[in-house]
Amino acid sequence: MATEVDAWSSVPQVDGMSGNENKGEAKHPYSGDEDDNEAEMNGNWTPQEKALHEARLKAKAKRRQRKSSSRNSTSESFSEPGDVAAGDPHSPKGKVHANDRKSRTGKGRGLPKKGGAGGKGVWGAAGMVYEDEEPDTRDPNYDEVAQGDTVYATVAPEVDERELEKMVNPIVQEYFEHGDTKEVQLLLKELNLGPHKYEFSSMAVSLALEGKASHRELTSRLLSDLSGKMLSQGDMARAFDKMLRELPDLLLDTPEAPQMLGQFIARAIADHILPMSFLDNYKGKVDCEHARVALDRAAVLLSMKREMMRLDNVWGVGGGQRPVKHLIKEMNLLLKEYLVSGDVSEAEHCLRDLEVPHFHHELVYEAVVMVLESKGDTASHMIIKLLQSLWKTALITVDQMNRGFQRVYSELPEINLDVPHAHSIMETFVDLCYQESVITKQLRDDCPSRGRKRFVSEGDGGAVKN
């Protein structure tokens, strides 16, 4: 035993360490960092010991990091912070997935970040209500004067002058079909004509000059209804002034444009659309010959003494909007003038101006009744000539011709009370019309005939004479 103690004590000391110190290191091979730090401060470490110490620190740091990662990434771990999670570190529970949205900072309860709200392209959590945000004074678009109650309104862009004609022409053409001025007002309110609104009147008048008399009458009514509501007297005066300057161009399409424009001006002044001083402003200031003709025409119409200054009949009488009694009166005048003058072309022109093709059967009816009530054969031949001309020019259709004759057939018993020989005159007239190809054979056969058998005097014994 003494020999062993001597042998242990005879071991040489390493790097200045005594045997007692070696005994302490043998008993505590992994002592605290204080001894290592003291040895490092004394500069007594060899390079091997220094490398060993650094490796020991690195291994210690890895162990701490592995403990922290295992404790925070395992959802099933409810152990104390100091405990080390058991199990294989390479198991699926210990792995960290790239798409795992759980917190890795060690804070929280392991729930997904933000509670499932937020993120790119996400409005927020379901049921979240956003409060009104106050305007930011640092916003570049911030306007201190404009702040207040925000009002949203539909704003129509201003119509370009180049597109004005394309948008106005369909409205006017459609108005010529239905004749509803309120519909035109609604359509114009949807358009933002801006400073070009006066051109609507000039375009409407230009289209009316190329149309029928009924179109010109409808245009005069439209201007009267729009005046004061959407167009002022200044706008109307500006529109007619433009048309007076464009008269040479209008003559290319409408040779009678100066006279018609003068009638439009007279009707507008009578309807209080234009001021009474409109014509006075042009006295001695017009160089265009055609403009002077238009202004003179308007002055003549306005100087005529009338009880009604509206000049309602300035465009004549026409169109289906006129009363039926008025149309019947006009057709009677037409036939009487024809029987006096014998001008077939003038009668056709007057019938076209009435613009009532659906009412031409009235002309046929009145013509046949005039033949029955007339004396002699002159009226009969003249009426046949007129009906033949109207038939050939297709101004009166087959349906209108048949309807006119059928009306006379149905009323022949009543006519016979005033004209005793109505039946015989009718038969002769129908035969002549059939020979001139005015009516069809079927219509001729439908003519009612009165029985020619009659009883002779009592002296004949009551025999019937054929």
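Colleague: What does D445 count as, at 42% relative accessibility?

Modeller: D445 counts as partly exposed at that value, where buried means under 20% relative accessible area, exposed over 50% and partly exposed in between, with a 1.4 Å probe and protein chains only. This is a predicted model, in which local features need pLDDT of at least 70 and side-chain atom pairs count only at pLDDT 80 or more, while totals for chains, interfaces and linings use all residues. Residues are numbered from 1 along each chain as its sequence is written, and side-chain values use heavy atoms, with hydrogens and water left out.

Colleague: And which side chain does D445 meet in a salt bridge?

Modeller: D445 meets K441, at 3.2 Å from N to O, a salt bridge being a side-chain nitrogen of Lys or Arg within 4 Å of a carboxyl oxygen of Asp or Glu. Both residues lie in helix 20 (residues 441–445), 4 residues apart, about one turn of the helix; helices here are DSSP runs of H or I with at least four residues, numbered from the N terminus. K441 is also partly exposed, at 44% relative accessibility.

Colleague: How many salt bridges does the structure hold?

Modeller: It holds 9. Another one joins D241 and R245, whose closest N and O atoms are 3.2 Å apart, and this pair lies within helix 9, again 4 residues apart. D241 is partly exposed at 26% relative accessibility, whereas R245 is exposed, at 56%. There is also a network of salt bridges linking E217, R221, R267 and D271.

Colleague: Changing topic, how many residues does the largest nonpolar core have?

Modeller: It has 52 residues, and F200, F240, L244, L261, I265, L274 and F278 are those with the most contacts inside it. Such a core is a set of buried Ala, Val, Leu, Ile, Met, Phe, Trp, Tyr and Cys residues joined through side-chain atoms within 4.5 Å. Several helices supply at least two residues each, including helix 5 (161–178), helix 9 (233–245) and helix 12 (289–303), and helix 11 gives the most, with 8 residues. Apart from this core lies another, of 44 residues, among them Y338, A347, Y365 and M401.

Colleague: What does F200 touch?

Modeller: Leaving out residues up to four places away in sequence, F200 touches V168, V172, V184, L188, L222, L226 and L231, where contact means heavy atoms within 4.5 Å.

Colleague: Now helix 14: which of its residues are buried?

Modeller: In helix 14 (residues 344–354) they are V344, A347, E348, L351 and L354. These residues lie on the same side of helix 14, because they cover an arc of only 115° around the axis, the arc being that of the directions from the helix axis to the C-beta atoms.

Colleague: Which helices do those buried residues pack against?

Modeller: They pack against helix 13 (324–341), helix 15 (360–373) and helix 16 (378–392). Just after helix 14 comes E355, which takes a positive phi of about 55°.
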